[in-house]
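Grab a pencil and work through these exercises with the model open beside you. Try each task before you read its solution.

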Amino acid sequence: MKLSSQMTERPGDLETGFSSDEINKTHAVLSKFPTGSQVSLAKVIDGRPYFYGAINRDGDIDSIDNAHHIFDIGSVAKVLTSALLAQSVVEGKLCLDDDIAPYLGIALRGDAKISFRQLSNHTSGLPRLPPGLVWNALFKNSDNPYKDFDESSLLNYLQHQLKQKKTDKSRYSNLGAGLLGYTLSRINQCSFEALLQKELCGPLELNSTTTDRTKLGEQLVIGQDKKGKQIPFWDTASLTGAGGIYSNVTDLTTFLLANFAPSNKALQIQQQLTHEINKQVSVALGWLFIRPLSESSQPFYWHSGGTSGFSSHLLMNSETKSGLVLLSNISSMYLLKGRHLENLAFSLFKNTQTARS
């Protein structure tokens, strides 16, 4: 069974739906960042989408129709990669607890055992980054740190360098999520891009979601560093499934709406909790599941993303059919100031929990 779009209304056909208070909050946050910074927002209330965008023009914050502008979504890509995993389960191509090595056709160093579930929920014991990447990011190629970690580098690591910690706890791993995407593409004997289009973007009509930015033209937003200088895009090489996808709020809203449909068996599988980090946070497949401390707040799914030129947030409550998408060309390298963007996303999402369309 393929994923299917459950849209009753296409994004972009509705009024803005953001209150003056929400717009003022958005403008106040955007004013803290350099000129040229923009945010593209979508919220879903009772399964109905609303859109708003704003841009900083030399200190003046203007509304902008950017629902179709395309951003690097950073680690939000992990959610889409795990959706592909869940689809492979539905199609009977693999089981979540299968060892990946036979699918890759290689022996992992030390006869290590790593399952698909562990790659998706970060319990594989793999490090956060491939060896040498921190050095590469700091000194050799800070503008494009993943570029040289190609397929041969990944396979060499798995066979000769792999170091695996205990698998009884969740340790966030870009390497593991990238390996998941790579393994799924090997199983399907195609590129990750071809798999993404065939199994997710095509069925859900995510027409602006891709790993190939050469397809995107003028709709592609350029990332900015902390000084507001435009910077190059990252090339994620063999780890594309961890953070090499481009999309817009229009497509990601469509993806959220598909999550609310019980008929989407793959996305229902993806929402099942697979590991508990603590009483507040669990992990599904690609999602973090948050249980707020306040009894008046409902639990929800969340993932954020960030590169040197972009920041993103994706949140949803499948019970109330509500959600929030925030995409921006604001660098994730801000330490304290970046919290303003995260707080904005959580504040806007909280409003969707009590509002009614």
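Accessible areas here come from the Shrake-Rupley method with a 1.4 Å probe, and for residues only the protein chains shown count as cover. You're looking at a predicted model, where local features need pLDDT of at least 70, side-chain atom pairs count only at pLDDT 80 or more, and totals for chains, interfaces and linings use all residues. Residues are numbered from 1 along each chain as its sequence is written, and side-chain values use heavy atoms, with hydrogens and water left out.

**Exercise 1.** Work out what share of the accessible surface belongs to carbon and sulfur atoms.

*Solution.* 
- Start with the total: the accessible surface of the protein is about 15,200 Å².
- Carbon and sulfur atoms hold 49% of that surface.
- Now look inside: 55% of the 357 residues are buried (buried means under 20% relative accessible area, exposed over 50%, partly exposed in between, with a 1.4 Å probe and protein chains only).

**Exercise 2.** Count the helices and strands, then explain why the protein can be called as compact as a globular protein of its length.

*Solution.* 
- There are twelve helices and eleven strands. These are DSSP runs numbered from the N terminus (helices: H or I, at least four residues; strands: E, at least two).
- The radius of gyration, taken over C-alpha atoms, gets compared with the globule rule, 2.2 Å times the number of residues to the power 0.38.
- The protein comes out at 19 Å, close to the rule's 21 Å for 357 residues, so it is as compact as a globular protein of that length.

**Exercise 3.** Find the buried residues of helix H1 and say how they are arranged around its axis.

*Solution.* 
- H1 covers residues 20-30, and its buried residues are Glu 22, Ile 23, Thr 26, His 27, Val 29 and Leu 30.
- Look down the axis: these buried residues fall within an arc of 165°, so they line one face of the helix. The arc is that of the directions from the helix axis to the C-beta atoms.
- Here's the general idea: an α-helix has 3.6 residues a turn, so residues three or four places apart point the same way.

**Exercise 4.** Is Thr 352 buried or exposed, and which residues does it touch?

*Solution.* 
- First place Thr 352: it sits in helix H12.
- Its relative accessible area is 2%, so Thr 352 is buried.
- Skipping residues up to four places away in sequence, Thr 352 touches Lys 43, Val 44, Ile 45, Ser 322 and Gly 323 (contact means heavy atoms within 4.5 Å).
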